[in-house]
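The sequence and the model are shown first, and the notes are grouped by topic.

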Amino acid sequence: LLEHYVDESMYPRVCLYLTRCVEYVPEPEDAMLLRTALNIFRKFKRYPEALRCALKLNDTELVKDIFVSCKEGLVQKQKAFMLGRQQVYVELPEELDDYDDLVEIMSNVHLNNNFLALA
(Lines give C-alpha, C1' and ligand atoms only; values in the text may rest on other atoms or scores of the structure.)
Protein backbone atom coordinates (compact mmCIF):
# COMPACT_ATOMS: atom_id res chain seq x y z
CA LEU A 1 0.00 0.00 0.00
CA LEU A 2 2.83 2.40 0.83
CA GLU A 3 4.42 1.83 -2.58
CA HIS A 4 1.61 3.65 -4.36
CA TYR A 5 2.13 6.89 -2.39
CA VAL A 6 5.91 7.16 -2.68
CA ASP A 7 7.27 9.38 -5.43
CA GLU A 8 10.78 9.89 -6.74
CA SER A 9 11.59 12.78 -4.41
CA MET A 10 10.89 10.86 -1.21
CA TYR A 11 11.66 7.20 -1.90
CA PRO A 12 15.27 7.37 -0.57
CA ARG A 13 14.09 8.60 2.83
CA VAL A 14 11.20 6.16 3.00
CA CYS A 15 13.38 3.19 2.11
CA LEU A 16 16.10 4.27 4.51
CA TYR A 17 13.51 4.49 7.27
CA LEU A 18 12.05 1.07 6.41
CA THR A 19 15.40 -0.71 6.24
CA ARG A 20 16.59 0.86 9.50
CA CYS A 21 13.39 -0.15 11.31
CA VAL A 22 13.90 -3.80 10.37
CA GLU A 23 16.34 -4.27 13.25
CA TYR A 24 13.73 -3.19 15.80
CA VAL A 25 10.61 -5.09 14.76
CA PRO A 26 9.76 -8.76 15.44
CA GLU A 27 10.06 -11.62 12.98
CA PRO A 28 7.13 -11.48 10.54
CA GLU A 29 7.06 -7.68 10.28
CA ASP A 30 10.75 -7.35 9.44
CA ALA A 31 10.32 -9.34 6.24
CA MET A 32 7.28 -7.24 5.36
CA LEU A 33 9.28 -4.02 5.78
CA LEU A 34 12.14 -5.40 3.67
CA ARG A 35 9.75 -6.51 0.92
CA THR A 36 8.11 -3.08 0.90
CA ALA A 37 11.48 -1.35 0.59
CA LEU A 38 12.49 -3.85 -2.11
CA ASN A 39 9.36 -3.14 -4.13
CA ILE A 40 9.93 0.61 -3.87
CA PHE A 41 13.54 0.22 -4.98
CA ARG A 42 12.43 -1.88 -7.95
CA LYS A 43 9.75 0.66 -8.83
CA PHE A 44 12.44 3.35 -9.19
CA LYS A 45 14.95 0.98 -10.86
CA ARG A 46 17.42 0.97 -7.94
CA TYR A 47 18.47 -2.63 -8.50
CA PRO A 48 21.58 -2.79 -6.28
CA GLU A 49 19.57 -1.58 -3.28
CA ALA A 50 16.78 -4.03 -4.13
CA LEU A 51 19.37 -6.81 -4.33
CA ARG A 52 20.64 -5.89 -0.86
CA CYS A 53 17.09 -6.24 0.51
CA ALA A 54 16.63 -9.58 -1.25
CA LEU A 55 19.90 -10.82 0.26
CA LYS A 56 18.67 -9.83 3.72
CA LEU A 57 15.48 -11.78 3.03
CA ASN A 58 17.61 -14.79 2.00
CA ASP A 59 15.39 -15.42 -1.03
CA THR A 60 17.52 -16.85 -3.85
CA GLU A 61 14.72 -16.79 -6.44
CA LEU A 62 14.14 -13.12 -5.74
CA VAL A 63 17.89 -12.45 -5.97
CA LYS A 64 18.01 -14.14 -9.36
CA ASP A 65 14.92 -12.26 -10.56
CA ILE A 66 16.42 -8.91 -9.56
CA PHE A 67 19.75 -9.79 -11.14
CA VAL A 68 18.19 -10.73 -14.48
CA SER A 69 15.62 -7.91 -14.56
CA CYS A 70 18.23 -5.18 -15.04
CA LYS A 71 19.88 -5.20 -18.45
CA GLU A 72 22.55 -2.53 -17.88
CA GLY A 73 26.02 -4.09 -18.06
CA LEU A 74 27.73 -1.99 -15.39
CA VAL A 75 24.88 -2.45 -12.92
CA GLN A 76 24.94 -6.20 -13.53
CA LYS A 77 28.67 -6.24 -12.79
CA GLN A 78 28.08 -4.23 -9.62
CA LYS A 79 25.44 -6.74 -8.53
CA ALA A 80 27.81 -9.60 -9.38
CA PHE A 81 30.46 -8.05 -7.12
CA MET A 82 27.86 -7.72 -4.37
CA LEU A 83 26.90 -11.38 -4.70
CA GLY A 84 30.54 -12.46 -4.84
CA ARG A 85 31.30 -10.51 -1.67
CA GLN A 86 28.42 -12.24 0.13
CA GLN A 87 29.52 -15.60 -1.35
CA VAL A 88 26.15 -16.11 -3.02
CA TYR A 89 26.24 -17.81 -6.40
CA VAL A 90 23.22 -17.54 -8.66
CA GLU A 91 22.80 -19.69 -11.74
CA LEU A 92 22.44 -17.21 -14.59
CA PRO A 93 20.95 -17.78 -18.02
CA GLU A 94 23.69 -18.07 -20.64
CA GLU A 95 22.02 -15.62 -23.02
CA LEU A 96 22.95 -12.68 -20.78
CA ASP A 97 25.43 -10.18 -22.16
CA ASP A 98 28.85 -10.60 -20.52
CA TYR A 99 27.79 -13.98 -19.10
CA ASP A 100 31.39 -15.19 -18.69
CA ASP A 101 32.50 -11.99 -16.96
CA LEU A 102 29.54 -12.05 -14.59
CA VAL A 103 30.20 -15.67 -13.60
CA GLU A 104 33.89 -14.90 -12.98
CA ILE A 105 33.05 -11.87 -10.87
CA MET A 106 30.41 -13.72 -8.89
CA SER A 107 32.71 -16.64 -8.16
CA ASN A 108 35.57 -14.34 -6.99
CA VAL A 109 38.06 -15.75 -9.50
CA HIS A 110 39.99 -12.50 -9.83
CA LEU A 111 39.36 -11.09 -6.36
CA ASN A 112 43.05 -10.71 -5.52
CA ASN A 113 43.79 -8.97 -8.84
CA ASN A 114 40.88 -6.59 -8.31
CA PHE A 115 42.14 -5.62 -4.86
CA LEU A 116 45.63 -5.04 -6.21
CA ALA A 117 44.26 -2.90 -9.03
CA LEU A 118 42.35 -0.72 -6.58
CA ALA A 119 45.30 -0.33 -4.19
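In this predicted model, Tyr 11 and Phe 44 are both buried, where buried means under 20% relative accessible area, exposed over 50% and partly exposed in between (1.4 Å probe, protein chains only). Local features need pLDDT of at least 70 and side-chain atom pairs count only at pLDDT 80 or more, whereas totals for chains, interfaces and linings use all residues. Residues are numbered from 1 along each chain as its sequence is written, and side-chain values use heavy atoms, with hydrogens and water left out.

**Overall architecture**

- The chain has 7 helices and 0 strands; helices (H or I, at least four residues) and strands (E, at least two) are DSSP runs, numbered from the N terminus.
- Along the sequence, the pattern reads α-α-α-α-α-α-α.
- A box of roughly 40 × 30 × 25 Å, taken along the principal axes, is filled by the C-alpha atoms of the chain.
- Of the 119 residues in the chain, 37% are buried.
- Among contacts between residues at least 6 apart in sequence, 46% join residues at least 24 apart, a contact being heavy atoms within 4.5 Å.

**Aromatic rings**

- The structure holds 1 aromatic pair, and this pair, Tyr 11 with Phe 44, is stacked at 4.6 Å centre to centre with 15° between the planes.
- Tyr 11 belongs to helix 1 (residues 11-21) and Phe 44 to the loop between helix 2 (27-43) and helix 3 (47-57), so the pair ties together parts that are 33 residues apart in sequence.
- Rings of Phe, Tyr and Trp (its six-membered ring) pair if their centres lie within 6.5 Å; planes under 30 degrees apart count as stacked, over 60 as edge-to-face and the rest as tilted.
- The charged end of Lys 79 sits over the ring of Phe 67, 5.1 Å from the ring centre; the criterion is NZ of Lys or CZ of Arg within 6 Å of the ring centre and within 35 degrees of the ring normal.

**Packing of helix 5 and helix 6**

- The axes of helix 5 (residues 73-85) and helix 6 (residues 99-106) come within 7 Å and cross at roughly 25°; axes are lines fitted to C-alpha atoms, for helices over the stretch in contact, and angles run from 0 to 180 degrees between N-to-C directions.
- Helix 5 is therefore roughly parallel to helix 6, since angles under 35 degrees count as roughly parallel, over 145 as roughly antiparallel, 65 to 115 as roughly perpendicular and the rest as oblique.
- Helix 5 contributes Gln 76, Lys 77, Ala 80, Phe 81, Leu 83 and Gly 84 to the contact, and helix 6 contributes Asp 101, Leu 102, Ile 105 and Met 106.
- Gln 76, in helix 5, is buried at 3% relative accessibility.
- Not counting residues up to four places away in sequence, Gln 76 touches Phe 67, Cys 70, Lys 71, Leu 96, Asp 97 and Leu 102.
- Val 103 lies in helix 6 and is buried, with a relative accessible area of 19%.

**Positive phi in loops**

- Most residues other than glycine have a negative phi.
- Asp 98, although not a glycine, has a positive phi of about 60°; Asp 98 is in the loop between helix 5 and helix 6 and is partly exposed at 38% relative accessible area.
- Asn 108 also is not a glycine and has a positive phi of about 60°; Asn 108 is in the loop between helix 6 and helix 7 (111-118) and is partly exposed at 27% relative accessible area.
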